[in-house]
Amino acid sequence: MAAPPASAAPRSPPPPPPLAAGDGPDRPAEKSGTACEDRSAESLDRLLPPVGAGRSPRKRTTSQCKSEPPLLRTSKRTIYTAGRPPWYNEHGTQSKEAFAIGLGGGSASGKTTVARMIIEALDVPWVVLLSMDSFYKVLTKQQQEQAAHNNFNFDHPDAFDFDLIVSTLKKLKQGKSVKVPIYDFTTHSRKKDWKTLYGANVIIFEGIMAFADKTLLELLDMKIFVDTDSDIRLVRRLRRDISERGRDIEGVIKQYNKFVKPAFDQYIQPTMRVADIVVPRGSGNTVAIDLIVQHVHSQLEERKLRWDMAALASAHQCHPLPRTLSVLKSTPQVRGMHTIIRDKETSRDEFIFYSKRLMRLLIEHALSFLPFQDCVVQTPQGQDYAGKCYAGKQITGVSILRAGETMEPALRAVCKDVRIGTILIQTNQLTGEPELHYLRLPKDISDDHVILMDCTVSTGAAAMMAVRVLLDHDVPEDKIFLLSLLMAEMGVHSVAYAFPRVRIITTAVDKRVNDLFRIIPGIGNFGDRYFGTDAVPDGSDEEEVASTS
């Protein structure tokens, strides 16, 4: 999309929110600034224009966990994916490549803030924000010494690992999982742990050198240059480094003149000519951001990733529950236990006791779906007995933290020598999308039957990401069993639609999910009730520690 610079005046601005940080890595902080320097930072605030233009933050709906974003969001806009993760189409194969947006511009130009505004205005699930700051090269010992004395140029193309950037972006566009390095700016080195991301409908890649590599440019479907006045960018750097990093004005200006400004003039500003859209005034130009959002919506619609929420809701109501679902028979005993654990007046001890009983019944019911073969054994009386033996290699349990781990004792009680793994999925607070934060799986599970455990499944977002993790470890889809004490119909349909060969097993299915994606009538916050932790402030049934479903 080629367009002239959008320069319409912004709407009436609200009081300025916190400014976006600059792009360069944190230098080692010096001694705390003096009171005079603090006053200098405050006075610099008056020089900055308002950021944004009256957009109220979009309230994110969530499902069973505060940190888990819903797969489906309630809004006036249509939604994209209809319960199926973006890496699959209706045939279970990779659909269209993700739409990749590149955000370039000078240091402290407001790229991160513009990215946030685009994400909020898009209002679509499965958005990945990839920052160029994660891909600084590992420095040599000599370079680290230079960096410690502010003599290393982090604003030069050679400071970035473009090969890793290109390979990472290619995989994300193809819907594959990637490992993104976590850069420690205080030590100028990569941390031992890497962050795992999965493919999305929209990828936003931002960085000062976002347009400095030809191969990288070819991967970007839309290129946006955030053009902010140099004086404003300098004031932002001064404010940030004085108030947050304890540095003096003289040092900041010296570094700016030595590295930042020359790099902008030589490497960054010339890339403006390759941009499809130039956004003057950065995040203050909401007219330009609206145009960008409209174009992205039209591109997603052309790629046939757009579904209407009303149509999806109707589909959930009209379509029968999938054949891959098995619900424990609702005997008087089972219904009685549900009555106890659903009762808000039930004590914690009783809640734990009857939950454990239901878990045991659920696990035993699930084992009946494992493959068994005929076998003959000899009884102590010397007689043959024609029986059944488990025909698989190994049974592995994987719990989605935190509530899923409460089902582990029941699994261990009925499966001798079962192996246990854990998955922690939490939200990226900037994009609102689930990310894999911790993974511990037994080795060589590709031939195992895997019992994936989570106590409640509302939208199914976390459960689907957990299934995707197992698929990435070569576990066949038909060897995955998703177990949950309680599920919503929406979650059942979403998981079954995304993974039609995964067996779904539960003790009950509730029909409704409210506007906040909580199961109705539901069971409340299972983790809080089981572990005795405090409920979230609004009294919802969401968990704060980790995503369930």
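Predicted model: local features only at pLDDT ≥ 70, side-chain atom pairs only at ≥ 80, totals over all residues.

Colleague: What's the handedness of the crossing of H10 and H11?

Modeller: Left-handed, as H10 passes H11.

Colleague: And which residues make the contact?

Modeller: On the H10 side you have Gln333, Val334, Met337, His338, Ile340 and Ile341. H11 brings in Phe351, Tyr354, Ser355, Arg357, Leu358 and Leu361.

Colleague: How do those divide into nonpolar, polar and charged?

Modeller: Eight are nonpolar, three are polar and one is charged.

Colleague: Let me pick on Ser355 in helix H11. Buried or exposed?

Modeller: Buried: the relative accessible area of Ser355 is 0%, and the cut-off for buried is under 20%.

Colleague: What is Ser355 in contact with, leaving aside its neighbours within four places in sequence?

Modeller: Ile341, Leu485 and Phe526. Ile341 is also one of the H10 residues in the helix contact.

Colleague: OK, switching to sheets. What's the strand order in the open sheet of five strands?

Modeller: E3-E6-E2-E7-E8, with parallel pairing.

Colleague: Why is one side of E3 and of E8 left without a neighbour in the sheet?

Modeller: Strand E3 (127-131) and strand E8 (277-280) are at the edges and have a single partner strand each, so one side of each has no neighbour in the sheet.

Colleague: And how are neighbouring strands turned against each other?

Modeller: By 20 degrees on average, ignoring direction.

Colleague: Take E7 and E8. How many bridges?

Modeller: Four, in the parallel sense, with E7 covering residues 222-227. One to look at: Val226 has Val279 in E8 as its bridge partner.

Colleague: Which strands does helix H2 touch?

Modeller: H2 (residues 111-122) packs on the sheet and touches strand E2 (99-105), E3, strand E6 (202-206) and E7. The direction of H2 makes about 170 degrees with that of E6.

Colleague: What about helix H8, where does that lie?

Modeller: H8 (residues 286-302) lies across E2, E6, E7 and E8. The angle of H8 to E2 is about 155 degrees.

Colleague: I'm also curious about E4. How many of its residues are buried?

Modeller: Five of seven, so strand E4 (residues 178-184) is mostly covered. E4 pairs with strand E5 (residues 189-197) over six bridges, in the antiparallel sense. In that pairing, Pro181 has Trp194 of E5 as its bridge partner.

Colleague: And the open sheet of three strands, what order does that have?

Modeller: E17-E19-E21, again with parallel pairing. Strand E17 (456-457) and strand E21 (509-510) are the edge strands, each pairing on one side only.

Colleague: How many bridges hold E17 and E19 as a pair?

Modeller: Two, parallel, with E19 spanning residues 486-488. Val457 has Met487 in E19 as its bridge partner.

Colleague: Which helix lies across that sheet?

Modeller: H14 (residues 489-498) lies across E17, E19 and E21, at about 80 degrees to E19.

Colleague: What about Asp474?

Modeller: Asp474 has a positive phi too, about 65 degrees. That residue is in the loop between helix H13 (461-472) and strand E18 (480-484). Asp474 is exposed, with a relative accessible area of 58%.

Colleague: Last thing, the whole chain. How many helices and strands?

Modeller: 15 helices and 23 strands. The protein chain has 549 residues, and 55% of them are buried.

Methods. Residues numbered from 1 in each chain as written. Heavy atoms only, no water. Pairing = 2+ DSSP bridges. Axes fitted to C-alpha atoms, helices over the stretch in contact; angles between N-to-C directions. Contact = heavy atoms within 4.5 Å. Buried < 20%, exposed > 50% of the residue type's maximum accessible area, 1.4 Å probe, protein only. Left-handed = near helix turned anticlockwise from the far one by under 90°. Nonpolar A, V, L, I, M, F, W, Y, C, P; charged D, E, K, R; others polar.
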